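Thank you all for coming; I would like to take a few minutes on one model and its ligand. Please have a look at it before I start.

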Amino acid sequence: SKSLGHNTYCFFQTSMVANAQQQLLLLQDLRLAMERQEFDLYYQAKVDAKSGGIIGAEALLRWHHPVRGLILPDAFIPAAERSGMIVQLGAWVLGEACRQLQAWHDQGYGDMSVAVNLSGLQFGHTGLVGAVRDALQRNNLEPRHLTLEVTETVAMRDADASILILRQLNDAGVRIAIDDFGTGYSSLLYLKRLPAHELKIDRGFVRELPHNAEDAAIVSAILALGHTLNLLVVAEGVETIAQQRFLTALGCDSLQGYLFGRPLPSDQFQYILHSSLRG
Ligand code: C2E
Ligand code: CA
Ligand code: CA
Ligand code: CA
């Protein structure tokens, strides 16, 4: 009806204005947050599928907002990306993750490695390779202990350009993981040419394992493909023992998920590290 249409229109307009205002506030808050050091990295364990031992951690960004409390990355990374602020924020993440890894190495966990997520803008930014080398050097780290995670979608957006960037990172000695694999539209031809070390199977394919036959078939196919291309295959979002058993039996190399641990502040992650390695 006419009146419903009118109301719908008003609602739509009001929410658009409210949303634009919210976005503006978010941006102002993000700028202040850098100055006020409200960002923090949480760490989630990555375990060897066969032994169950912790082999590394993925650094996940958190924002401790003074009023809104803990904010997850999906709520602010898109705005940080649109405004370009992600480049500065991403550089901080890289430096902080490397500083933390060096601290763990100093405490005797010399085999630990850390994975850092790169946004699309950061990945295409000319300063990336320099920033990576710098973070490694400043913290005296061997490059092989740092993994950079790039989503399949970002890596395939301009595949030829990505190959060049990945080659430089490869030359710098760091490891490359293709994140959220299976959600994009990879051409196998490009995948073959990508200088990467790991494929991370997207959580969406793990959620309904082992009973969902389609997901099981997709996961087996990704494993076969990854191993054919000499890539390690990691499954994310592992929440149950049934999923763990299934993925390990299929030959998954490493696993990540709430079953092994939620993302934790560095001191709590360190506590897990201490207790797991002491038996
Ligand atoms: P991602 O890289 O795919 O990271 C995995 C996400 O899944 C994390 O969400 C993690 O907390 C969550 N997760 C891990 N295990 C489980 C599980 O067993 N079940 C479920 N349901 N979820 C699990 P989080 O921390 O909210 O991060 C979301 C996304 O934000 C990340 O997805 C990544 O794309 C992005 N992100 C996080 N930190 C950074 C960063 O420092 N820089 C950039 N550019 N992006 C980041
Ligand atoms: Ca990731
Ligand atoms: Ca992922
Ligand atoms: Ca994701």
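I will go through the surroundings of the ligand and then turn to one residue.

This is a predicted model, in which local features need pLDDT of at least 70 and side-chain atom pairs count only at pLDDT 80 or more, while totals for chains, interfaces and linings use all residues. Residues are numbered from 1 along each chain as its sequence is written, chains are lettered from A and ligands numbered from 1 in the order in which they are written, and side-chain values use heavy atoms, with hydrogens and water left out.

Around ligand 1 there are 22 residues, of which Gln44, Arg62, Arg203, Glu239 and Tyr258 come nearest; a residue counts as near if one of its heavy atoms lies within 4 Å. By type, the shell divides into 9 nonpolar, 5 polar and 8 charged residues, where Ala, Val, Leu, Ile, Met, Phe, Trp, Tyr, Cys and Pro count as nonpolar, Asp, Glu, Lys and Arg as charged, and the others, Gly among them, as polar.

Which atom of ligand 1 does glutamine 44 approach with a polar side-chain atom? It is a nitrogen atom, at 2.9 Å, whereas asparagine 117 places a polar side-chain atom 3.0 Å from an oxygen atom of ligand 1, and a side-chain N or O atom of glutamate 58 lies 3.2 Å from an oxygen atom of the ligand.

Strand 2, a DSSP run (E, at least two residues), gives the largest share of the shell, 4 residues.

How values were computed:
Polar contact = N/O pair within 3.5 Å; in protein donor to acceptor, adjacent residues only side chain to side chain.
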